[in-house]
Amino acid sequence: MSIHIGERIKAELERQGRSKVWLAKTINRSESTCYNIFNSDTINTELLMSISKALNYNFFKEFSDEFDRPSSKIL
């Protein structure tokens, strides 16, 4: 799968002009956890839901869109 979820979260955070400190406080995590999220290509779904709600952005849709592409392969 070609989605690096941590990079997508970081990009959306920056697009919205929000800080990493803001995200950490909003999802009740430490700043170091947020940095780990940005560097990770996988994420727990519960955490992704919290981030999606905080940023009002459906990151799950990106996975769905990737799955629906004809070139996607099932592992």
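Student: Which residues in H1 meet Phe59, Glu62 and Phe63 in H5?
Tutor: We're looking at a predicted model here, so we go by its computed contacts. By class, this contact of H1 with H5 has four nonpolar, no polar and three charged residues. On the H5 side sit Phe59, Glu62 and Phe63, and the H1 residues that meet them are Ile5, Arg8, Ile9 and Glu12.

Student: Is H1 oblique or roughly parallel to H5?
Tutor: Start with how two packed helices get described: by the angle between their axes and the distance between the axes. The axes of H1 (residues 5–15) and H5 (residues 59–68) come within 11 Å and cross at roughly 130 degrees. That angle makes H1, relative to H5, oblique.

Student: And is the crossing where H1 passes H5 left-handed or right-handed?
Tutor: Handedness is a separate label from the angle. For H1 passing H5, the crossing is right-handed.

Student: OK, is H1 roughly parallel or oblique to H4?
Tutor: Use the angle again. H1 and H4 pack with their axes 11 Å apart, at an angle of about 15 degrees. Angles under 35 degrees get one particular name, so H1 and H4 are roughly parallel.

Student: Is the crossing of H1 and H4 left-handed or right-handed?
Tutor: Let's look at who is touching first. Ile5, Ile9, Glu12 and Leu13 in H1 meet Leu48, Ile51 and Leu55 in H4. These residues divide into six nonpolar, no polar and one charged. As for the crossing of H1 and H4, it's left-handed.

Student: Why are the buried residues of H4 said to be on the same side?
Tutor: List them first: Leu47, Leu48, Ile51, Ser52, Ala54 and Leu55 are buried in H4. An α-helix has 3.6 residues a turn, so residues three or four places apart point the same way.

Student: What covers the buried residues of H4?
Tutor: On the buried side, what covers the residues includes H1, H2, H3 and H5.

Student: Is Ser52 buried or exposed?
Tutor: Ser52 is found in H4, which spans residues 45–55. Leaving out residues up to four places away in sequence, it touches Tyr57, Asn58, Phe59 and Phe60. With a relative accessible area of 6%, Ser52 is buried.

Student: How about H3: what is the arc its buried residues fall within?
Tutor: H3 runs over residues 31–39, and its buried residues are Cys34, Ile37 and Phe38. Looking down the axis of H3, you find that they line one face of the helix, because they fall within an arc of 95 degrees.

Student: What covers those buried residues of H3?
Tutor: The face of H3 turned away from the buried side carries the exposed residues Asn36 and Asn39. The cover over the buried residues includes H1, H2 (20–26) and H4.

Student: How far apart are the C-alpha atoms of Asn39 and Ile5?
Tutor: Asn39 has its place in H3, and it is exposed, with a relative accessible area of 63%. Along the chain, Asn39 and Ile5 are 34 residues apart, yet their C-alpha atoms are separated by 8.7 Å.

Student: Which residues is Arg29 in contact with, leaving aside neighbours within four places in sequence?
Tutor: Arg29 is found in the loop between H2 and H3, and it is partly exposed, with a relative accessible area of 37%. Arg29 and Leu47 are 18 residues apart in sequence, and 9.9 Å apart in space from C-alpha to C-alpha. Those neighbours aside, Arg29 is in contact with Ala24 and Leu47.

Student: What is phi of Asn28 near?
Tutor: Most residues other than glycine have a negative phi. Asn28 lies in the loop between H2 and H3, and at 68% relative accessibility it counts as exposed. Its phi is a positive value, near 60 degrees.

Student: And what is phi of Asn56 near?
Tutor: Asn56 lies in the loop between H4 and H5. It is exposed, with a relative accessible area of 74%. Phi of Asn56 is also positive, near 50 degrees.

Key. Residues numbered from 1 in each chain as written. Predicted model: local features only at pLDDT ≥ 70, side-chain atom pairs only at ≥ 80, totals over all residues. Heavy atoms only, no water. Axes fitted to C-alpha atoms, helices over the stretch in contact; angles between N-to-C directions. Helix = DSSP H or I, 4+ residues; strand = E, 2+ residues; numbered from the N terminus. Parallel < 35°, antiparallel > 145°, perpendicular 65-115°, else oblique. Left-handed = near helix turned anticlockwise from the far one by under 90°. Contact = heavy atoms within 4.5 Å. Nonpolar A, V, L, I, M, F, W, Y, C, P; charged D, E, K, R; others polar. Buried < 20%, exposed > 50% of the residue type's maximum accessible area, 1.4 Å probe, protein only. Arc of directions from axis to C-beta.
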